[in-house]
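Subject: Structure handover

Hello,

Please find the structure below.

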Amino acid sequence: MAIGEDSVSEALELLDWKRRVFALYAEVRDAADPATGWQRWCAVRAALFCDHPQSPRAGTRPAYFPYDPAWRLLAEVVPAMPETRLVAGSGPEPVTFTRFATARFGDHELELFWLEAYGGGLFLPFRDATSPAETYGAGRYLLDTVKGSDLGEEGGKLVLDFNFAYNPSCAYDAKWACPLAPPANRLAIPIRAGELNPAA
């Protein structure tokens, strides 16, 4: 199928969005102070959401819980027997991932997924007890390295800073198809950090 002029333009806009997000997370990882990195993250996301043609909802400025350093955690990555999972989402078809490890922090753990597509990538969706009253009902994303959201590692542990938790695009517009938090990644505790429910 031939790509029309409009499709090329849209592809280049999406490429620009991805470049900006990758650059933003590189800034976050390099920030001397996590709270300063978070403030930069919020500001750049606000600009992208308001002005970029690939915004999930143009003119929208995401809202967040106040930054809470207690929700910046280092997780031990514990290998698990690789297991193919079809992760349900907002679209008609599930997305194929491989569950390859768990991220353990305190008394909790979340499953880590690897996207089974060209190049692959780490994916960490979750849902917690703030959903759906305060945060998006179907859960939020913390890491999605295919799209640039990567907080890095420290001392061999995975950085899980829930202040950077964000809504999937389908929280803003049903035209987007997004994989959502599977049952194993639904926490019974409230995590009052990160992006709030846009519908609240």
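What follows covers the aromatic pairs and then the salt bridges.

This is a predicted model, in which local features need pLDDT of at least 70 and side-chain atom pairs count only at pLDDT 80 or more, while totals for chains, interfaces and linings use all residues. Residues are numbered from 1 along each chain as its sequence is written, and side-chain values use heavy atoms, with hydrogens and water left out.

The whole structure has 14 aromatic pairs (rings of Phe, Tyr and Trp, the last by its six-membered ring, with centres within 6.5 Å; planes under 30 degrees apart are stacked, over 60 edge-to-face, the rest tilted). In one of them, the ring centres of Phe100 and Trp114 are 6.1 Å apart with planes at 90°, so this pair is edge-to-face. Phe100 sits in strand E2 and Trp114 in strand E3, 14 residues apart (strands are DSSP runs of E, at least two residues, and helices runs of H or I, at least four, numbered from the N terminus). Trp38, Trp41, Tyr64, Tyr67 and Phe164 make up one aromatic cluster.

There are 13 salt bridges (a side-chain nitrogen of Lys or Arg within 4 Å of a carboxyl oxygen of Asp or Glu). Glu195 and Arg45 form one of them, at 3.2 Å from N to O. Glu195 lies in the segment after E7 and Arg45 in helix H2, 150 residues apart. Glu195 is buried at 0% relative accessible area, and Arg45 is buried at 10% (buried is under 20%, exposed over 50%, partly exposed in between; 1.4 Å probe, protein chains only). A network of salt bridges links Glu83, Arg85, Arg99 and Glu111.

Regards
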